[in-house]
Amino acid sequence: MEIGTHLLANYAEVVAVALFGIGFTNLLLQKNMIKKIIGLNIMDTAVYLFLAEKGYIEGHIAPIVMNGNVSPDTYINPVPSGLVLTGIVVSVSVTALMLSLTIRLYRRYHTLDLDEITMRLKKEGL
Amino acid sequence: MEIIRNFPCLSILLAMFSAIISSALKGAGARRLNTFVVTAVGVLSACTLYFTHVTGKSYVYVMGHFPAPLGNEIRFGTLEAGMALFFCVIMLFSLNGGREKIRLEIDPGKENLYYIMVDLLLSSLLALVYTNDLFTAYVFVEINTIAACGLIMIMESGRAIEAATRYMIMSLLGSGLFLIGLCMLYDMTGHLLMSNVQESVRQIAAEGSYMIPLLVTIALMVVGLAIKSALFPFHAWLPDAYGYSTVSSAAMLSSLVSKGYIFLLIKIIYRVIGFDIFVQSRIINVLFVFGLAGMIMGSTSAIRENDIRRMISYSSVAQIGYIYMGFGLGTTAGMVASVFHILAHAATKSLLFVSGVGLTDVADDNKQFIELTGAAYRNVCAGLAFTVGALSMVGIPLFSGFISKLLFSQAAVQSNLKMLPALIVLAISTVLNTIYFMKTVIRIYTPIKSGYPSVFAKDHPLYALTLLCFVALNIVLGMCSQPIADWITQGLSVFA
């Protein structure tokens, strides 16, 4: 019972961790490169959801100082938002790199299936 | 003397800006700039090492204008400075050893791109070594991954691109786990600076609240970094990535990239979680078991391998198993042995990769064993260097591998429960190492008449000089082990 109420109270974190798991398994198990990259993005976005939820304080506003009001009771925690921004930059660059690798592989082997590419490489014996 | 406190920050910036400048330079210019920067960073690190060794303390360098709980920091002591110096030395040697291959195997128009990646790799390694901020560490882990992926795929063969893709996928899984682990840790402690996190973690552990989340967090971070540094069950990407890239890349990937992650893990163990709390968690037993499994499985895979480059790569899996086994012992002696093995393995493995390429060159680029018969007579200096590397990996006295095996056994004896499995597996692993390395050494020294041409040291002075430096480094690590072990112990004591 206690666990149930905890899960209900922190539903956003539960969703974030579930999404992280979905993304992680997709990145690990999918054969198709594009699906793998989608999994990667789901995984990263789940982390941002987790961080955003942690930084949010009920009833507080975005951390932009207005009318000289610097009271901490007005604004949400700005640090997680900063981390999310940094994380997005990192995630965009690795996604771009993965996509460029996928394009290279597709041009050479005309398939997006990584296992098939490996099979073909083994057959070529290169 | 006080000016030396700026050197760690300066060396990170120097490496990073050289990468930016290299993008506007041609191949030769980028190469010269890279050599200059690696040497300069090495000199700066040596100064830092001298300074921290004389004072015997560690220093905090504030980045930006915000003080401790909010801002970003660099922190350095003897261990960090020594590691930075060592990484520079290995990087310089690996690049010089594979210089001719880089020129041959990489499209001339893309040579500067290669050196951009090397510069980025250096800056991210330095940042991983010096940073005191967890999120900064994550960002540089990703930069390191991207740079390493670039080093693999620069060959542009189908095999290399496929290897780079697999490397990238596994690395991203690892950094995803590391990222969610560090976000949970931030959630529990409210801090990102390592020293502040540790205070909060100690409080949590003392109160006994949040013990399960703490355990999950430690597990996520450790597993994430273990995937990235190719601990046994996660090593599937490694042989392809090391086997099909250019030789300098393979040497740097095995001796620098994976070691950078392991060093970050040591920092997390000592500085974020706290060594005693880490030992109390049951994670170390998991690391111990997987370390032992890696020592055996890596070696058996290496025995079965018929390709010299892939054999050396599989041997890395076994050696990384040693390092994690040292963590798993859960004593300071085990940690010292692991740190020493990081140095010994880095020095030896890059020597093996660089000398291995000399042997395959005199067999018309054939990596199969049968073609390598008698290769040591056709390239005497590569053959000798390979023998030294093989002897060191097997653990013959005089060379560095012996000392790390000795330190591991001494550490194992101090531990009650783990003594027997550790010693037995060490013995088995040594025998297995001997089988595949001596098999190779006997093969390259089997005299045979063959149509392949011979290569002489005087035609490749840089290559021969590099091999000589590697051998010297190995012997220095093997002969002057006591001062080095003392330095590691002292460095670890000011670490926390």
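**A helix pair in chain B**

Reply: Helix α6 (residues 134–153) of chain B packs against helix α7 (residues 158–189) of chain B at an angle of about 175 degrees, their axes 9 Å apart. That makes α6(B) roughly antiparallel to α7(B). This is a predicted model, where local features need pLDDT of at least 70, side-chain atom pairs count only at pLDDT 80 or more, and totals for chains, interfaces and linings use all residues. Residues are numbered from 1 along each chain as its sequence is written, with chains lettered from A and ligands numbered from 1 in the order in which they are written.

A few terms, quickly. Helices are DSSP runs (H or I, at least four residues), numbered from the N terminus. Axes are lines fitted to C-alpha atoms over the stretch in contact, with angles from 0 to 180 degrees between N-to-C directions. Over 145 degrees counts as roughly antiparallel, under 35 as roughly parallel, 65 to 115 as roughly perpendicular and the rest as oblique.

On the α6(B) side, the residues in contact include Leu134(B), Tyr138(B), Cys149(B), Ile152(B) and Met153(B), while α7(B) brings, among others, Ala160(B), Ala164(B), Tyr167(B), Phe178(B) and Leu182(B). Contact here is C-beta atoms, placed from the backbone, within 7 Å. By class, this contact has 16 nonpolar, three polar and one charged residues (Ala, Val, Leu, Ile, Met, Phe, Trp, Tyr, Cys and Pro are nonpolar, Asp, Glu, Lys and Arg charged, the others, Gly among them, polar).

Now zoom in on Ala164(B). Leaving out residues up to four places away in sequence, Ala164(B) touches Cys149(B), Ile152(B) and Met153(B), plus Leu101(A) from the other chain. Ala164(B), Ile152(B) and Leu182(B) are also among the residues with the most contacts inside the largest nonpolar core, which has 209 residues. Such a core is a set of buried Ala, Val, Leu, Ile, Met, Phe, Trp, Tyr and Cys residues joined through C-beta atoms within 7 Å, buried meaning 20 or more other C-beta atoms within 10 Å of a residue's own. The most to this core comes from α7(B), with 19 residues.

As for the two chains, 27 residues of chain A are in contact with 21 of chain B. On the chain A side, α4(A) gives the largest share, 11 residues, and that side divides into 20 nonpolar, three polar and four charged.

Conventions
Helix = DSSP H or I, 4+ residues; strand = E, 2+ residues; numbered from the N terminus. Buried ≥ 20, exposed ≤ 12 C-beta atoms within 10 Å, placed from the backbone.
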